[in-house]
Structures are given as C-alpha cells and as structure tokens.
Amino acid sequence: MTRTARNEHEYEYDVVVLGAGPVGENVVDRVRAAGLSAAVVEAELVGGECSYWACMPSKALLRPAIARSEARKVPGLRGHAYGPLDARDVLAHRDAVVGDWKDDGQVAWVESTGARLFRGHGRLAGPRRVVVEGPEGDRHALVARHAVAVCTGSRAVLPELPGLHGAGPWTSREATSSSQVPGRLVVVGGGVVGVEMATAWQALGSRVTLLVRGGGVLPRMEPFVGEHVLTALAERGADVRTGVTVAAVVRDGRTGPVSVVLEGGDRVEGDEVLFATGRRPRTEDIGLETVGLEPGAWLPVDDSLRVPGHDWLYAVGDVNHRALLTHQGKYQARIAGAAIAARAAGTGTPDTGAWGPHAATADHAAVPQVVFTDPEAASVGLTLAAAEAAGHRARAVDVDMASVAGAGLYAPGYRGHARLVVDLDRETVLGASFVGPGIGELLHSATVAVTGAVPIGRLWHAVPAYPTLSEIWLRLLEAYRDGADTP
C-alpha cells in the first residue's frame with residue numbers, strides 16, 4: 001500500500017472487480033483459484049441483485065404458489081389445498097431467504113477467498129486504475145496489474161410517461177421486496193418479471209391486471225409457451241389484456257389508488273403498479289469516459305469477455321447484453337476468470353475457439369432459461385424462427401406433454417407442450433422448449449443435447465426412466481423419426 005499526494009490510499013492487485021454480485025464473485029473465485037490477487041468493489045449489498053431483489057426472493061414468493069397449485073390437482077390432497085396462502089408466512093420466508101437484506105454471509109465468503117472487499121462506489125480513472133469513494137468519505141485508488149472486470153449488472157428501466165415518476169411505481173425491486181400484499185396490482189410488461197410477479201402476487205391474494213403491448217407474453221420463447229402461461233393466468237382470475245399501450249399514470253402522491261391510462265382513454269385502477277418493461281446497464285457512472293468508452297452503454301466483448309481495444313478490460317454478466325441471466329453471467333465469469341489467468345501467466349495464447357476453455361460459446365448457441373410461472377416455461381438454444389433466420393434447414397417436432405405416463409401421474413388433467421428444433425443437415429438438436437408443471441428439471445438434459453451437438457441417432461440410446469416426465473424425449477424422437485408432428 002502507498003499513500004498518494006491526494007491523501008488517498010493506493011493498492012495494487014492482479015485483478016480488480018467492479019461489482020460483488022454473483023458474477024463478480026465468480027470472477028474473484030476463478031482468479032483467486034489461479035493464484036492471482038484480487039480486490040472487489042461493491043456499492044450496495046455483497047451478493048448483488050440476484051440475491052436480494054431478483055432470483056432468490058422471487059422464487060421464494062413463487063414456490064408456495066406453485067406448490068399449492070400442484071397440490072390442488074393431486075388425488076388425496078386437492079380437497080385440502082383450496083384455502084388462501086398464509087401471506088405473512090410466505091413474506092417472512094422470503095425475508096429469511098434474502099437474509100433480511102444483510103450481506104454478512106456473502107462478505108464472509110468473499111473474505112474466505114483471500115480477496116479484499118472495498119465498500120463504496122468504484123469508477124475507472126484511466127487504464128487499469130479504479131478509484132473507490134467509500135461510505136465514510138474515505139478514498140482508495142486500486143491499480144490492476146492484469147485486468148479490471150466490470151460486473152456491475154443492470155437496473156430496471158421506467159418508461160417516460162406522464163405522471164409515472166411521481167407515482168411511486170414498482171420495479172422488479174419493489175415487486176420482490178414488498179412487505180404488503182396489494183389488493184389490486186397492475187402489471188405492465190409481458191416478459192419474465194411481468195409474468196412471474198403476476199403469478200406470485202395473484203397467488204398471495206392480489207387482483208392482478210396484466211397489460212401487454214404485444215400479442216402475447218415471453219416473446220423470446222416459442223409462441224405456444226406464452227399462450228399456455230396466459231391461459232393459466234386468466235383461468236386463475238387475472239385480467240389479461242394484450243395489444244394495449246400505456247399512455248399515462250395518475251396518482252395523488254406516491255400512495256393511494258393509482259390509475260393507469262391506456263391509449264384510447266380506458267383506465268385500469270390499482271393499489272400498486274409494476275412496470276416490468278426492460279433493463280439498462282449500470283455503466284453510467286463508472287468512469288468509462290476515462291478509457292474512451294460511452295457512459296451508460298452496454299459494453300461489447302469478444303468471447304473471452306474482453307472489451308475490444310482494451311486488452312486489460314473485461315465486461316461480464318448483464319453489462320455486455322449477451323444474456324441477462326444470473327446463471328449465464330456466472331458462466332461468463334468462469335470463462336473470463338480462466339482467460340484472465342491464462343493471459344496473466346503469459347505461457348501461451350488463450351484457447352478462444354468455439355467451446356474452448358476461454359470462450360463463452362454457450363452465449364450464442366445454448367442459453368437455458370426457466371420461467372417459474374404456473375405452468376413453468378423453459379427453453380434452451382434456438383426457437384424455430386431463430387433457427388430459420390440464422391440460415392439453418394430446421395424442423396420443429398411438437399408433442400403434447402400429456403402423451404407420457406409420467407404427466408398423468410404428476411397430475412390428472414396435466415397440460416403442457418414440448419418442442420425440439422432439429423438441424424436437418426446435421427441431425428442434431430438446435431433448441432428445445434417446454435411448458436407445463438414441473439418441466440424446469442427437464443431443461444438440463446436439453447442443454448446437454450444442444451451444447452454437445454448430440455446426434456439424434458445417439459439420443460435414441462439415452463433411455464428415459466419410466467414413468468417420468470423425461471419420457472417426453474422418447475415421444476419427441478419418435479415424432480421426428482415418423483416424419484410427422486404429433487399435435
């Protein structure tokens with residue numbers, strides 16, 4: 001440590017990481033495992049968005065809703081599962097899952113790696129240099145011998161609408177951390193946050209209105225997936241409106257009833273309104289201008305997660321806009337950490353070829369995602385439309401999930417659907433989509449098939465256990481062999 005002329009402390013590390021969410025933590029883990037010294041800077045809670053305002057609290061809210069729904073279909077249980085959820089108990093469990101928004105455990109983990117945690121707002125101050133403004137007015141300068149990794153994530157975007165910013169709207173943070181169940185909740189947006197939070201709060205007792213600009217929800221997935229999810233929301237009492245545009249929000253102060261005004265003049269009344277309408281990178285105030293980059297922009301990267309033109313700068317997770325998913329960001333972090341370590345060792349060129357140890361190839365070909373609605377939705381790889389747009393000679397094979405014995409045992413009257421997208425030239429799986437109760441656990445087998453480019457002929461020898469939902473793989477392969485889709 002040295003003391004600069006500006007009376008700030010200066011430290012030197014091999015790697016400096018901006019952001020101590022799951023992505024930053026994984027970069028730290030990988031470079032420390034390679035023997036490099038590391039510092040990590042965090043302005044909020046160590047553990048990041050996923051731990052406190054996204055993945056973990058949202059799934060804690062959703063699990064009771066899904067469990068009750070499934071119990072209502074099971075003989076011997078269905079007559080006993082029609083009471084309301086204990087909202088107080090569910091919210092208390094959510095609070096416990098997020099550690100009551102305290103990060104002691106996460107801090108202990110960072111310290112256990114031997115990395116140094118700096119609390120405060122970190123900004124680049126030129127190549128390989130980060131300045132941290134601490135919460136007590138302290139100031140530190142961190143110099144990176146080999147790499148700076150920007151892992152600052154993304155935040156929710158509120159649209160520019162008359163009356164919105166003074167109305168106290170919910171974003172994903174308020175939707176996952178509210179201590180009260182609103183009597184009426186208006187949800188604007190048909191993406192993952194919109195449909196998951198509509199599912200959770202409806203189950204907890206809110207009267208939900210879902211407003212979607214397009215013709216359906218979950219637009220990045222196959223169209224049939226969103227159709228199943230919308231049907232289920234409507235059957236449970238949600239007021240679902242597609243093809244509508246919000247023009248304004250009216251509220252007297254930040255409390256009290258809120259009116260959402262639609263184009264054409266119709267109004268939707270609620271006690272809270274959630275806008276789930278997109279995200280932007282947390283790069284507006286991290287000193288990008290000091291290294292010739294645009295503040296507030298997404299950061300382009302190569303497959304080793306390095307920013308072109310900056311051989312020391314990496315952008316990992318949401319900030320690079322490749323795949324805004326926690327598990328994908330952690331995957332990128334493992335790749336970036338390995339690439340940083342390889343370059344620091346100076347023993348050769350990192351292997352950045354497709355599927356190599358220093359290339360995040362899965363970002364292009366095999367991104368898995370589960371949406372924890374009721375029914376669940378899951379996909380990996382390319383949709384049929386995306387495969388055709390990419391120039392593949394592709395075919396979709398569709399099967400009703402109810403065609404397997406495991407579905408009927410899971411729940412009488414099981415409803416769901418599965419699709420494989422097959423490359424006809426290579427006879428490998430380009431993508432897979434599933435919708436139905438419990439199908440999230442089917443996804444990893446599909447991810448392995450897509451990532452490994454497993455030939456259809458070899459998949460015939462992967463025998464699914466009977467009677468499980470995974471037998472859908474056999475039905476899909478049979479439908480492909482027979483040359484005709486099963487409706």
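## Burial and overall dimensions

A residue is called buried when its relative accessible area is under 20%, and by that criterion 53% of the 487 residues of the chain are buried in this predicted model. The accessible surface of the chain amounts to about 20,900 Å², and carbon and sulfur atoms contribute 52% of that area.

The C-alpha trace extends over about 70 × 60 × 45 Å along its principal axes.

## Secondary structure and contacts

The chain contains 15 helices and 22 strands.

## A parallel four-stranded sheet

Four strands, in the order β11-β10-β9-β15, form an open sheet with parallel pairing. Its edges are β11 (239–242) and β15 (272–275), each of which pairs on one side only, and the twist from one strand to the next averages 15°. Within this sheet, β9 (residues 184–188) and β10 (residues 207–212) run parallel and are joined by five bridges; V187 has L210 in β10 as its bridge partner.

## Helices lying across the sheet

Helix α7 (residues 192–203) lies across β9, β10 and β15, and its direction makes an angle of about 165° with β10. Helix α8 (residues 223–235), in turn, lies across β10 and β11, running at about 140° to β11.

Terms used. Residues are numbered from 1 along each chain as its sequence is written. This is a predicted model: local features need pLDDT of at least 70, side-chain atom pairs count only at pLDDT 80 or more; totals for chains, interfaces and linings use all residues. Side-chain values use heavy atoms; hydrogens and water are left out. Two strands pair if DSSP finds at least two bridges between them. Helices (H or I, at least four residues) and strands (E, at least two) are DSSP runs, numbered from the N terminus. Axes are lines fitted to C-alpha atoms, for helices over the stretch in contact, and angles run from 0 to 180 degrees between N-to-C directions. Contact means heavy atoms within 4.5 Å. Buried means under 20% relative accessible area, exposed over 50%, partly exposed in between (1.4 Å probe, protein chains only). Accessible areas come from the Shrake-Rupley method with a 1.4 Å probe; for residues, only the protein chains shown count as cover.
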